[in-house]
Amino acid sequence: MATLKQIRSRIRTAKNIQQITRAMKLVAAARLKRATDRVLQARPYSEKLRGFMQSLAAGGELPPHPLLQRPEKIERYTLILITAERGLCGSYNTNLLRRASEFLAQQEGEPTLITVGKKGTQFFAKRGYDIVHSHTLPTSGARIADAVEIAQIARRMFEEGETDAIFVCYSKFFSAIRQVPQVVQLLPIEPPEQAADSAAIEFAFEPDAATLLDTLLPRYFLSLVWQALLEATASEHGARMSAMTSATDNAGKMIQTLTLKANRERQAGITKEILEVVGGAEALKA
């Protein structure tokens, strides 16, 4: 049985941990607010650009473009995996790594990886996967420069024939307690599907359609990468805030349990000392 000194030592340790987890919870909550605002601000642009692509797809066949070229068979593909730089965010990284592993096991062809975040790099490097590029993110979250760098690397690999398809695995943000890992194809770009009853629309392009696609498709591809990074950043901060909230609450419950146990041990010690004094006094009278 633990002594009173040992119990009090555990209480001090639990209080120190509680202070750390509470501070991490407050930091994650502040960062989550900023990340959520960025996600909500970026979604309308992404949706509008997607709607524009959908309207172009309704106009019939588009001119050939490198980002639209579909191979007959995917022999080599690249997965962009977006994980966190560090842990202490519950099951966030575990769920992403599991989803990515399932996708790699199901997909046919030779895989290469572009990892964003140390957790994904460490996990798949130990398992012998070919990681062509590893990118780190600041603790505050992704920047547009990060999206540009990742998009340029992936686009170069696709246009030079090093890979036949580009996919991204990230966690889509819904709320602080709900983040869903998913895999989305980025390249070749597939125009959004049209409704079956929608009629074809004839467009007059100014400038010509090829010039328009040269400008539009790279921007559309970049917006997909940027949106994935923003969703992942918000998901990470949400998962970390939830994990630290749970850890802080558990530390509080542990402190209460240990305090109660310490009080009982102290009372038992006092009772024992009283009994010893009474026993000694009775012995002297005898």
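Colleague: Let's start in helix 3. Which residues are buried there?

Modeller: Keep in mind that this is a predicted model. In helix 3, which covers residues 118-125, the buried residues are Gly120, Thr121 and Phe124. They span an arc of only 100 degrees around the axis, so they sit on the same side of helix 3.

Colleague: And what do the buried residues of helix 3 pack against?

Modeller: Their packing partners are strand 1 (76-82), helix 2 (92-106), strand 2 (110-116) and strand 3 (131-135).

Colleague: Take Thr121. Why does it count as buried?

Modeller: Its relative accessibility is 18%, and the cut-off for buried is under 20%.

Colleague: What is Thr121 in contact with, leaving aside neighbours within four places in sequence?

Modeller: With that exclusion, Thr121 has contacts to Thr115, Ile131 and Ser134.

Colleague: Moving over to helix 2. Is Leu97 buried or exposed?

Modeller: Leu97, which is in helix 2, counts as buried because its relative accessibility is 11%. Leaving aside neighbours within four places in sequence, Leu97 is in contact with Leu81, Thr83, Lys119, Gly120, Phe123 and Phe124.

Colleague: How far is Leu97 from Leu275?

Modeller: Their C-alpha atoms are separated by 61 Å, and the two residues are 178 apart along the chain.

Colleague: Let's step back to the whole chain. How many helices and strands are there?

Modeller: The chain has 5 helices and 5 strands. Along the sequence they come in the pattern α-β-α-β-α-β-α-β-β-α. The radius of gyration is 29 Å, well over the 19 Å from the globule rule for 286 residues, so the chain is more spread out than a compact globule.

Colleague: What box do the C-alpha atoms fill?

Modeller: Roughly 115 × 40 × 35 Å, taken along the principal axes.

Colleague: And what share of the residues count as buried?

Modeller: Of the 286 residues, 39% count as buried. The accessible surface is about 16,400 Å², with 54% of that belonging to carbon and sulfur atoms. As for contacts with a separation of 6 or more, 77% are between residues 24 or more positions apart.

Colleague: Now the inside. Which residues of the largest nonpolar core touch the most other members?

Modeller: That core has 61 residues, and the ones touching the most other members are Ile80, Ile82, Ile189, Phe221, Val225 and Leu229. Two or more residues each come from helix 1, strand 1, helix 2, strand 2, helix 4, strand 4, strand 5 (178-187) and helix 5.

Colleague: Which element gives the largest share of this core?

Modeller: Helix 5, with 14 residues.

Colleague: What about Ile189, what is it in contact with?

Modeller: Neighbours within four places in sequence aside, Ile189 is in contact with Met53, Leu67, Leu68, Leu217, Tyr220 and Phe221. There is also a second, separate core of 7 residues, which includes Ile7, Ile255, Leu258 and Ala262.

Colleague: Change of topic. How many salt bridges does the count come to?

Modeller: The count comes to 9 salt bridges. One of them joins the side chains of Asp37 and Lys33, at 2.9 Å from N to O. Both lie in helix 1 (residues 4-57), 4 residues apart, about one turn of the helix. Residues three or four places apart in an α-helix point the same way, because there are 3.6 residues a turn.

Colleague: Is Asp37 buried, exposed or partly exposed?

Modeller: Asp37 counts as partly exposed, at 28% relative accessibility.

Colleague: Where do Asp164 and Arg76 lie, then?

Modeller: Asp164 and Arg76 form a salt bridge with their closest N and O atoms 3.9 Å apart. Asp164 lies in the loop between helix 4 (144-159) and strand 4 (165-175), while Arg76 is in strand 1, so this pair ties together parts 88 residues apart in sequence. Asp164 counts as buried at 13% relative accessibility, whereas Arg76 is partly exposed at 30%.

Technical notes
Residues numbered from 1 in each chain as written. Predicted model: local features only at pLDDT ≥ 70, side-chain atom pairs only at ≥ 80, totals over all residues. Heavy atoms only, no water. Buried < 20%, exposed > 50% of the residue type's maximum accessible area, 1.4 Å probe, protein only. Arc of directions from axis to C-beta. Contact = heavy atoms within 4.5 Å. Salt bridge = Lys/Arg side-chain N within 4 Å of Asp/Glu carboxyl O. Rg over C-alpha atoms; globule rule 2.2 N^0.38 Å. Areas by Shrake-Rupley, 256 points an atom, 1.4 Å probe, with all protein chains shown as cover. Core = buried A, V, L, I, M, F, W, Y, C linked by side-chain atoms within 4.5 Å.
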